[in-house]
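Morning, everyone. Have a look at it first.

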Amino acid sequence: MASFVKRPNGKWAYVVTGARDPSTGRYGQRWVSGFRTKKEATEAYEREMADRRSGRHVAPSKLTLSEFLKSRWLPAIEGTIRATTFDHHRYRVERTIVPALGHLPLQQLTPDDLERFYSQLLKNGRLRGSGGLSPQSIRHIHATIRRALNDAVRWKLAQYNVAIGARIPRATQPEMKTWSPEQLHTFIDHVRDDHLFAAWFLVCTTGLRRGELLGLTWSALDLEEGSLRVVKTIVNVGWRIVPSEPKTQKGRRSIALDGATVAVLKEHRTRQLEERLAWTEAYEDHDLVFCRENGTPLNPETFTLTFKRLAATAELPPIRLHDLRHSYATAALAAGVPVKVVSDRLGHANVGITSDLYMHVPDEMDRAAAERVADAILGTRAR
């Protein structure tokens with residue numbers, strides 16, 4: 001049962017009387033105030049009662065967003081998701097979300113709070129240097145908030161997920177930068193004397209992801225048959241290098257290797273065995289195809305920086321390491337390899353992803369297609 005009281009400040013409240021405390025003989029009371037009129041207070045009380053009857057009621061709490069995210073949500077999800085995914089959530093929470101919104105009570109967070117937060121990030125959200133974050137980066141931050149608030153609702157810590165109603169910046173697909181087959185050839189020639197020449201060669205001829213390349217083991221490589229199996233990856237989690245697994249079932253795959261790639265890998269194997277003998281007992285055997293001279297795993301970030309340096313000294317257009325994968329795919333499609341085969345080799349979850357990524361068609365491919373189709377229809381008259 002509730003009573004309705006007008007406070008000295010002119011606002012109305014409803015007061016819910018609870019059970020009697022045996023030690024004091026007093027009845028407990030819970031005040032919910034801040035309503036402009038008695039009607040608003042009455043309607044709020046009726047909504048609470050309806051929520052209680054339906055099991056949707058959320059008890060009032062002063063828990064802040066910071067306390068929820070850092071003390072409850074992050075500890076709860078750790079171990080239930082991939083280590084790299086957890087690290088991304090933790091980084092966004094600690095470096096971006098909590099500094100800006102952490103002081104707000106969880107139950108008072110609004111869609112407007114989030115929209116103003118995203119707007120600010122667009123202007124000056126970069127942690128290093130000046131400038132704003134990209135719309136895509138903000139969408140990642142929004143995804144973390146939305147997932148956390150979904151759990152808050154499920155745990156009955158919040159009435160509803162305010163992130164669902166918040167507008168987020170529209171992401172634009174960045175223009176894909178790739179190297180031509182001739183430029184890939186130039187790069188391979190330029191790095192021929194590099195200690196990791198075989199790694200550069202393999203990524204150019206297979207389009208492996210960075211983690212797949214650095215996690216490749218000799219036990220997953222068959223140089224006689226000319227194939228490799230992607231079953232393990234290496235990733236950075238914070239400052240640690242840890243083994244992981246492909247994200248999807250399609251990521252676990254077998255890839256055929258051409259003769260030239262097999263020959264390069266055989267030479268690499270011989271050189272690695274010589275290094276192992278030179279290090280004697282100090283060598284750490286992790287069965288890795290690509291590693292440091294003492295057998296320890298390569299740092300993925302260091303590998304990326306090495307690629308940037310080598311690409312610059314080769315005087316080639318600047319692209320990301322991941323763009324070698326795009327360059328391979330574009331070259332394969334231009335060579336007439338069916339999109340399904342390219343998709344399987346890349347480990348995409350479905351062919352649609354491959355088609356969407358490489359829907360751009362270079363002018364020469366478009367012109368060649370036009371000539372082939374016309375020739376098929378018109379024969380010699382098209383010449």
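Cys 291 is buried, with a relative accessible area of 4%. Buried here means under 20% relative accessible area, exposed means over 50%, and partly exposed is in between, with a 1.4 Å probe and protein chains only. Cys 204 also counts as buried, at 7% relative accessibility.

A word on the source. This is a predicted model, where local features need pLDDT of at least 70 and side-chain atom pairs count only at pLDDT 80 or more, while totals for chains, interfaces and linings use all residues. Residues are numbered from 1 along each chain as its sequence is written, and side-chain values use heavy atoms, with hydrogens and water left out.

Take α2, residues 65-77. Its buried residues are Leu 65, Ser 66, Phe 68, Leu 69, Trp 73, Leu 74 and Ile 77. Down the axis of α2, they fall within an arc of 145°, so they line one face of the helix. That arc is taken from the directions from the helix axis to the C-beta atoms. What do these buried residues pack against? Helices α3 (83-101) and α5 (135-154), with contact meaning heavy atoms within 4.5 Å. Just after α2, Gly 79 has a positive phi of about 95°.

Next, α11, residues 322-334. The helix has 13 residues and spans 19 Å from first C-alpha to last, close to the 18 Å expected. The expected span is 1.5 Å times one less than the number of residues. Of the 13 residues, 10 are buried, so α11 is largely enclosed by the rest of the structure. Among them are Asp 323, Arg 325, His 326 and Tyr 328. Just after α11, Gly 336 takes a positive phi of about 95°.

Last, the sheet. Three strands form an open, antiparallel sheet in the order β4-β5-β8. Pairing needs at least two DSSP bridges between two strands. The edges are β4 (221-222) and β8 (253-256), each pairing on one side only. Strand β5 (227-230) pairs with β8 over four bridges.

Terms used: Helices (H or I, at least four residues) and strands (E, at least two) are DSSP runs, numbered from the N terminus.
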